Amino acid sequence: MTTPSALERPTGVPLARRLAARIVLVPALVLSLLPPRRIRAVLERARRGARPATAAQAKNARDAMCAVSLRCAGPKGCLPRSLGAALLCRMTGVWPTWCTGVRVVPPFTAHAWIEADGRPVDEGVPDDYFTRLITVAAASRSGR
C-alpha cells in the first residue's frame, strides 16, 4: 500500500509519546503481515470501550509513529503507520477510524490511513482522494 508521502520525521514529539510509539511499533509491524480479515478482527477487538479520537489526538499518534520509525514515515509505510497510530490512540482510551482503500484516480494504488471527525489525518490529499474498502471505527455505545 502506498500513497504520496514525504519522508518528514516530526520533531517536538514528547519523550513519553515516542516511547509509547516504540512499544506499539512491533505489534503494528506484526499486524501488517496478516491478511486483511485478521487485521480487521484484531482491530475490532482492540477498539472496544474506546471513545472516538479527535483530529488532534489522531495526528499526535501519527506523528509519534513517524518520529520513531523511518519505515512508518516512508511512502510504503502506510499500513504499519496507520496500525501503530490506531494502537497508540487506543493506549490513551480513544480510537480513530482505521481505513484501507484505493485511490479514486488512476493509477490504482492501495493505501491505509486513519481518520478523525470523518477526515483523513495528515495525509496531504483531499478528503475524497481515496475510496474506503475496510474501516474500523470506534464502537458505538449502543453496539455494546
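What follows is a chat about helix packing and backbone geometry in a predicted model.

Trainee: Let's start with α2 and α5; at what angle do they pack, and how far apart are their axes?
Mentor: Helix α2, residues 36-46, packs against helix α5, residues 78-91, at an angle of about 20 degrees, and their axes lie 11 Å apart. Angles under 35 degrees count as roughly parallel, and α2 and α5 are therefore roughly parallel to each other.

Trainee: And is the crossing left-handed or right-handed?
Mentor: The crossing of α2 and α5 is left-handed.

Trainee: Which residues meet there?
Mentor: From α2 the residues are Ile39, Leu43 and Ala46, and they meet Leu79, Leu83, Leu87 and Arg90 of α5. By residue class, the contact of α2 with α5 has 6 nonpolar residues, no polar ones and 1 charged.

Trainee: Staying with α5, how many of its residues are buried?
Mentor: Of the 14 residues of α5, 12 are buried, so this helix is largely enclosed by the rest of the structure. The buried residues of α5 include Leu79, Leu83 and Leu87, which also take part in the contact with α2. Arg81 and Ser82 are also among the buried residues of α5.

Trainee: What span should α5 have, and how far apart are its ends?
Mentor: At 1.5 Å a residue, the 14 residues of α5 should span 20 Å, and the C-alpha atoms at its ends are 20 Å apart, which agrees with that expectation.

Trainee: What comes after α5?
Mentor: Gly93 follows α5, and its phi is positive, near 90 degrees.

Trainee: Where do they sit, and are they buried or exposed?
Mentor: Asp117 is in the loop between β4 and β5, and it is exposed because its relative accessible area of 63% is over 50%. Asp122 lies in the loop between β5 and β6, and at 41% relative accessibility it counts as partly exposed.

Trainee: Last one, then: which residues does the cis peptide bond join?
Mentor: The cis bond joins Pro106 and Pro107, with omega at about 0 degrees, whereas most peptide bonds are trans. Pro107 is found in the loop between β3, residues 97-103, and β4, residues 110-116.

Notes: Residues numbered from 1 in each chain as written. Predicted model: local features only at pLDDT ≥ 70, side-chain atom pairs only at ≥ 80, totals over all residues. Heavy atoms only, no water. Helix = DSSP H or I, 4+ residues; strand = E, 2+ residues; numbered from the N terminus. Buried < 20%, exposed > 50% of the residue type's maximum accessible area, 1.4 Å probe, protein only. Axes fitted to C-alpha atoms, helices over the stretch in contact; angles between N-to-C directions. Parallel < 35°, antiparallel > 145°, perpendicular 65-115°, else oblique. Left-handed = near helix turned anticlockwise from the far one by under 90°. Contact = heavy atoms within 4.5 Å. Nonpolar A, V, L, I, M, F, W, Y, C, P; charged D, E, K, R; others polar. Expected span 1.5 Å × (residues − 1).
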